[in-house]
Amino acid sequence: MFKGRKEELEKLESMHNSGSFEFAVIYGRRRVGKTTLIRKFCEGRRAFYFVARESSASENLKLVSRELASCGLTSEGTVFENWDSVLRLLAQLSQKERLIVAIDEFPYLAAAESGITSAIQAYTDGSFKNSKLFLILSGSSMSFMENQILGHKSPLYGRRTAQFKLQPFDYFVSREFLPGFSPEEQLTLYAVTGGIPEYLSKIDNTISLKENIARLFLTDSGVMFEEPANLLKQELREPAVYNSLITAIAGGASKLNETASKTGMDTNKAAKYLGVLMSLGIVKREYPAGEIRGKKSLYSIDDGMFRFYYRYVFTNISAITSGSGGLLYDAEIKNTLPEFCAPVFEKVCAEYLLRLQKTGKLPFFIGSLGRWWGANPNTKKPEEIDLMAISHKKGLFCECKWRSTPADLAVFETLTARSKLFDLDERHFIIFSKSGFDKKLKAKASALPQLSLISFDEINKLRT
């Protein structure tokens, strides 16, 4: 069943109903669900969907000729000599009736046919403009799509009428794939898959959490066992270099100079390669919430599947290939999963707040929400706040506890003390907890309107 992408689908529906020429660019990392979204949108409509191949220009032309005939848009045996004749036909077919034309993996076609983007630009400015064509270009190479299609130097710059950068599903949509598991197991599987639809679809709801992780990651025949390596090879020219950077970050290097030192690179080169990993959504660079971007930043692995793989699989390849994946789970994974999931719980809490904001139930509008860290000027000691938002002298401070014991009053007292590091007129507090709250903390919340307590059970009651 089709899950998620409600807003994207509604936007595409609205564009389709306009009746005029539309040009949508859809992109995102591999396995994020671009093809599924496009095919769902095309269902029941007059549409031509073509997947470009990593092949020659002539081979792609043969394939598009054959597929145009197979869907009844040309007669059997029609062969196009060039892409100009294909584009001319599409313009003719869409003069009086809406026609969706989706070219998936467009970067492959552009690599084989160097003039294709300029040709599309000419038709977009010409015969497409007054047609009923709905053109969709899609691709997994995010750097190509952002630079060669959306970038200001692209022939197609400014021509698109909408763009969609598909993101992984959040926890709330990911749960829809996981009806056979408890909420805690659902969060764990969300952490392991990173909310990527393709990976979520591989979860078997009839077997246990352990069996799923072992089946997917901890055998050399598992579909996820070589997934990171395959993705790096598909996307990057120097996968070994990028692999060393990811390994360094997974090993605890969170600053640029640390990462460069561990990989033997100079900082400028490391920063360049890290920028590529960030563009792919594998690595993220965080700045303390509310602070101007500068040198005070930390790197971490943002992709959940990569994070799980480099934490548990990459360093245990020999054990897994020798058939000891089950033992590895019991010895190293099972007892550390709560620690692995703790930062993901913070992410889920942020997702909850952003969804809650749409209902108008937050004390003020949150434009930016994130983690904060820095030195306490009074004690000179480092301090952290799990989630924080500041707007117009109003602050929201959150603590997120993913542990087996209830949150207590000390959690609130620490959070209150840290909030005083900021010059504000108004402060609000939220404590999130997997295991609920003790009596003293509940009593404090009853007496203090600025304090809200939100349990994991309450989070799971939120409807998508």
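**Group meeting talk: strands, helices and a cysteine pair**

Let me start with strand 1, residues 22-27, which is mostly covered: six of its six residues are buried. Buried means under 20% relative accessible area, exposed means over 50%, and partly exposed lies in between, with a 1.4 Å probe and protein chains only. Strands here are DSSP runs of E with at least two residues, helices are runs of H or I with at least four, and both are numbered from the N terminus.

A word on the source. This is a predicted model, where local features need pLDDT of at least 70, side-chain atom pairs count only at pLDDT 80 or more, and totals for chains, interfaces and linings use all residues. Residues are numbered from 1 along each chain as its sequence is written, and side-chain values use heavy atoms, with hydrogens and water left out.

Back to strand 1. In a regular strand the side chains alternate between the two faces of the sheet. Which residues of strand 1 are buried on one side, and which on the other? Glu22, Ala24 and Ile26 are on one side, and Phe23, Val25 and Tyr27 are on the other. Both faces are covered.

Now its partners. Two strands pair if DSSP finds at least two bridges between them. Strand 1 pairs with strand 4 in the parallel sense, over six bridges. Glu22 sits opposite Phe134 of strand 4. Strand 1 also pairs with strand 5, residues 162-165, again in the parallel sense, over four bridges. There, Tyr27 has Lys165 as its bridge partner.

Next, helix 6, residues 116-125. Its buried residues are Ile116, Thr117, Ile120, Tyr123 and Thr124. Why are they on the same side of helix 6? Because they cover an arc of only 125° around the axis. That arc is taken from the directions from the helix axis to the C-beta atoms. An α-helix has 3.6 residues a turn, so residues three or four places apart point the same way.

What does that side pack against? The buried residues of helix 6 pack against helix 4 (83-93), helix 5 (106-112), strand 4 (133-139) and helix 7 (142-149). Contact means heavy atoms within 4.5 Å.

Helix 7 comes next. Met142, Phe144, Met145 and Ile149 are buried there. These cover an arc of only 165° around the axis, which puts them on the same side of helix 7. They pack against strand 1, helix 5, helix 6, strand 4, strand 5 and helix 15 (267-279). Note that strand 1 is one of those partners.

Ser174 lies in helix 8, residues 171-174. Its relative accessibility is 0%, so it counts as buried. Leaving out residues up to four places away in sequence, Ser174 touches Phe169, Tyr190, Gly195 and Leu200.

Now the cysteines. A disulfide is a covalent bond between the sulfur atoms of two cysteines. Cys349 is buried at a relative accessible area of 0%. Cys400 is buried too, at 7%.

Another strand pair. Strand 10, residues 394-401, and strand 11 run parallel and are joined by eight bridges. Lys394 stands opposite Glu426. Strand 11, residues 426-433, is mostly covered, with six of its eight residues buried.

Arg5 has a positive phi of about 60°, although it is not a glycine. Arg5 lies in the segment before helix 1 (6-17), and is buried at 8% relative accessible area. Glu105 also has a positive phi, near 50°, and is not a glycine either. Glu105 lies in the loop between strand 3 (99-104) and helix 5, and is buried at 14%.

Last, the whole chain. It has 22 helices and 12 strands. Its radius of gyration is 25 Å, close to the 23 Å that the globule rule gives for 464 residues, so the chain is as compact as a globular protein of that length. The radius is taken over C-alpha atoms, and the rule is 2.2 Å times the number of residues to the power 0.38. The C-alpha trace spans about 75 × 55 × 50 Å along its principal axes. Of the 464 residues, 48% count as buried.
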